[in-house]
Amino acid sequence: MLKIMLVCMLLAVTASASARDCGSNSARVKGKLIVRGDSTAVVSKLSADKVVRLQNKYGAVVGYRYEFFTGRRLLQINTRGGIVSSICRD
């Protein structure tokens, strides 16, 4: 029983180590500094690799997620209500 608990704990630690980091307040994308609170227009000018519409449970679009692939890393900039709400790195 102790071995099973130990294995589960190790799996939980490795899963959390590879999780997304959304604690950043800023990111540099294609030579432009993006900060939480910036306008969506600033991000949309940078020609993201992928743009995903964020919807609420009724299907209405409430924001966008701009994805930038930089080498082996993924940078996601989420916007809601016309401003940058979060910046995440994978």
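## Nonpolar core

A nonpolar core is a set of buried Ala, Val, Leu, Ile, Met, Phe, Trp, Tyr and Cys residues joined through side-chain atoms within 4.5 Å. Buried means under 20% relative accessible area, exposed over 50%, and partly exposed in between (1.4 Å probe, protein chains only). This is a predicted model, in which local features need pLDDT of at least 70 and side-chain atom pairs count only at pLDDT 80 or more, while totals for chains, interfaces and linings use all residues. Residues are numbered from 1 along each chain as its sequence is written, and side-chain values use heavy atoms, with hydrogens and water left out.

Eleven residues make up the largest nonpolar core: A27, V29, I34, V43, L46, Y66, F68, L75, I77, V84 and I87. Two or more of them come from each of β2 (26-29), β5 (61-70), β6 (73-80) and β7 (83-89); strands (E, at least two residues) are DSSP runs numbered from the N terminus.

I34 belongs to this core. Apart from neighbours within four places in sequence, I34 has contacts (heavy atoms within 4.5 Å) with residues including A27, V43, L46, I77 and I87.

## Disulfide

The whole structure has one disulfide, defined as a pair of cysteine sulfur atoms within 2.5 Å. C22 and C88 form it, with their sulfur atoms 2.1 Å apart. C22 lies in strand β1 (residues 21-24) and C88 in strand β7, 66 residues apart. The link is right-handed, with 110° about the S-S bond.

C22 is partly exposed at 36% relative accessible area, whereas C88 is buried at 1%.

## N78

N78 is in strand β6 and is buried, with a relative accessible area of 11%. Leaving out residues up to four places away in sequence, N78 touches L54, Y64, R65, I83, V84, S85, S86 and C88.

Methods:
Helices (H or I, at least four residues) and strands (E, at least two) are DSSP runs, numbered from the N terminus.
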